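Visitor: I am new here; could you walk me through what there is to see?

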Amino acid sequence: MRVIKGCLLLLMVAVFYSFCYAQTASTVIRGNIYIQNNAAADAATAVLLNAADSSVVASALADNKGAFEFKFVQPGNYLVLASRLGYNKAYSAVIKVAAGQQVTVPSIYLQPASTELKEVAVVAKKPFVEVRPGKTIINPAASITADGKNALDILAQSPGVKVSNNDDVSISGRQNALILLDGKNTNMTGADLAALLRSTQGSNIERIELITSGSAKYDATGGGVVNIVLKKGKNIGTNGTINLTAGYGRYYKGIAGFTFNSRGKYVNVFGSYNANANKTYRNFYTDRNINSGGALSNYYLNYNGLQKTITHNYRLGADFTLAANHNLGVQVYGFVTNNDFAKNNSLKISNQGKLDSVILVGSSVERDFRNINYNINYSGKLDKAGRTLAASVTYLPYTRRSDEYITNTFFDAAGAAYRDANQLQNLSPSHRRNITGMLDYSNPLGKTAKLEAGVKFSHTKSDNDLTFGPKVGSVYTIDPTFSNSFLYKEDVQAGYLNYTAAFGKFDMVAGLRGEYTHAIGSSLGVNETVPKVNTFNYLKLFPNVMLHYVKNDKNEYTLTFARGIMRPDYESLNPFLYYIDPYDFQSGNPYLQPEYTNTVTLTYLYNQSISVSLYAGQTTGANFTFYTQNDATKVNTTTMRNLGNVKDIGLQVSLPNEFTSWWKSQLDVNAGYYHYSAYPENGSFERGATDIIFNTTQSFALTKSLAFEVMGYYETANQYGVRRFRPNYYMNAGLSTLVLGKRGKLSLNVTDIFNTNRDRAYALYQNIDLRVAGKPETRIARLSFTYRFGKTTVKAATKHETGTEQEQDRMRKATN
């Protein structure tokens, strides 16, 4: 039935396209603007002039490919004026246009205004937020308060993005977004993905693309796509950036690193390295009431943790021009993280309002991550008609070591020990291997349409062990209740068709993606001889449509529909029972199923800046944190479960404003209503709640080289699964100046000035009466310095594209 629905949807779109194309034939002038080395002049301005008197007819902003377009042009003779900050103006030849004709202007090339370095000044003019049809672009270098931060921190302060207390990133509804690096899937989830984002420094990021409705060529996801594009020079010669950051909150923070790029006529070598030393503090508590047989008990857990982290993040790659329009790229990138934790927990147990006993839990943890990606990619233009072929293979080995040693001490209400202390060992190593391959083909169908097709495979094998038990004498023993091994294999094969077309005032992207998943989870306890095996096999279709309508040069409308899937992360499927204290445990759920989301969004864009979006979505099988409490033993186990269905509807507004030449403002509001309905097996739970997020940034140019910025965030009380969260708010501020002849930038910023950023929630559901609150170290002052070196304005080279740039370009075509 779903196959039939998908086919009918594509048929309806095709019929609609044919009808519109038959009814509409408008006069169009389009072209491209380039700078040195044939790089796209994104954000350049194109002005359409009357050839007779040079009067202005219309203007347009070039996109990331340097492309511009004027629609509904009256017949006549015209000129196109192209301009960009830091470059001399350029004019096209006279263009003669007849009624109903579509004219492509010869490419316009802009020359630098001078040979001196201008990058710092240019970057400073680019806004932090750029709104495009179907996506939003975040430029970290344009925000003072983003200096010295990592990718996860920058996402957390970006409008339209929500980072949960579990470090889950969402940009469309509540489903997790697909995270890409340079257009490539990270193949990581949960804590592993958060570690990768924390190791990726903002100084290495060129831009972040927030794509609310990706085309069928992306992995199916209802939560949108976050593409983090890393810096890579486009000019012939060698250039790069050095970055240093020193910070302090309650404890020290330090970052040092560099990026470089050396481009020749046929070879481009690029790379980066960052070292991050960080000591941080986190506190949270859980306050749990248990009413059993008329007797009220209270279990109050106060957690205090210190974490020391040293991270090395690296990237080294090269792009080779094999022949005209044929390119090969190789790249190695990854991170190494060493963590030392010191935890001190205090569990106070009260009965009928009187303190009964206290359990102190101290532990030390050594946890290391090793992640490395090997990638080889190819892109080529097959003929003059514009057909292209691209391929990419990535191999990702990942290793985690986690050794924890726990000591429990037991005291009565008077503070006297009532039993001997016990010591526990908790070892949980993990090894994972993933190999992913992609093949994409693109075939232009005339001047205004294109058909794309592709296939992808992904194979993952995850091997996990848990060794847990008490120390008896001088030897640690194994407790079969906890100790286990878990092997998980997952194969995903996918294929897609994508159709792009422009007709009159409309352009459209319609696609259908099919994904077949085969997964096997196998767990084997210490005293078991036959493993418990869970097998999952499912084939799903995911249609995707984006219809873009340009009423005139100021007003645009975009309508999108997307169906997506969110598979459980590997840790959530792991059935291990993790020890927190004698009455609190955490467990995976090997029976956890994927969740599916359908989302419809209507967006109005005014003057390429002001954006208003209405969205509605429905998620089935929604995964949420779930609590299972045994009132007799007082033990609470936290896990993930397919709670039920979620319906949401909302409004998102992005409002930039320039009050004066020295004061610019950005206001973003996301107001949604969410309704949760649990499956019968999860009990009676029917609840609705609003969630409103205000995010504003005020930027002030105090002098030509000195700037000040303040950012504020406020989120109202909201519901997330069975938990009800209280309001959260914070404020950041920063000051920056250009130094060393504008080659350097020095900035001072403070995050969470008033130390208010925290999580506070409660759950009243079935026999659960629980309050939680978490306060990480968020008030941090950072002093950051960046220095740009090397040539940046040189003679243009012979035109060629690298494999990675081609891949990024293909991604952008699906959303522009």
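Guide: Welcome! Buried means under 20% relative accessible area, exposed over 50%, and partly exposed in between (1.4 Å probe, protein chains only). This is a predicted model, where local features need pLDDT of at least 70, side-chain atom pairs count only at pLDDT 80 or more, and totals for chains, interfaces and linings use all residues. Residues are numbered from 1 along each chain as its sequence is written, and side-chain values use heavy atoms, leaving out hydrogens and water.

Visitor: How many salt bridges does a search of the whole structure find?

Guide: A salt bridge is a side-chain nitrogen of Lys or Arg within 4 Å of a carboxyl oxygen of Asp or Glu. One of them joins Glu 209 to Arg 207, and both of these residues are buried. Searching the whole structure gives a count of 21.

Visitor: How many residues apart in sequence are the parts that Asp 584 and Arg 288 tie together?

Guide: These two form a salt bridge, with their closest N and O atoms 3.9 Å apart. Strands here are DSSP runs (E, at least two residues), numbered from the N terminus. Asp 584 lies in strand S34 and Arg 288 in strand S20, so the parts tied together are separated in sequence by 296 residues.

Conventions. Helix = DSSP H or I, 4+ residues; strand = E, 2+ residues; numbered from the N terminus.
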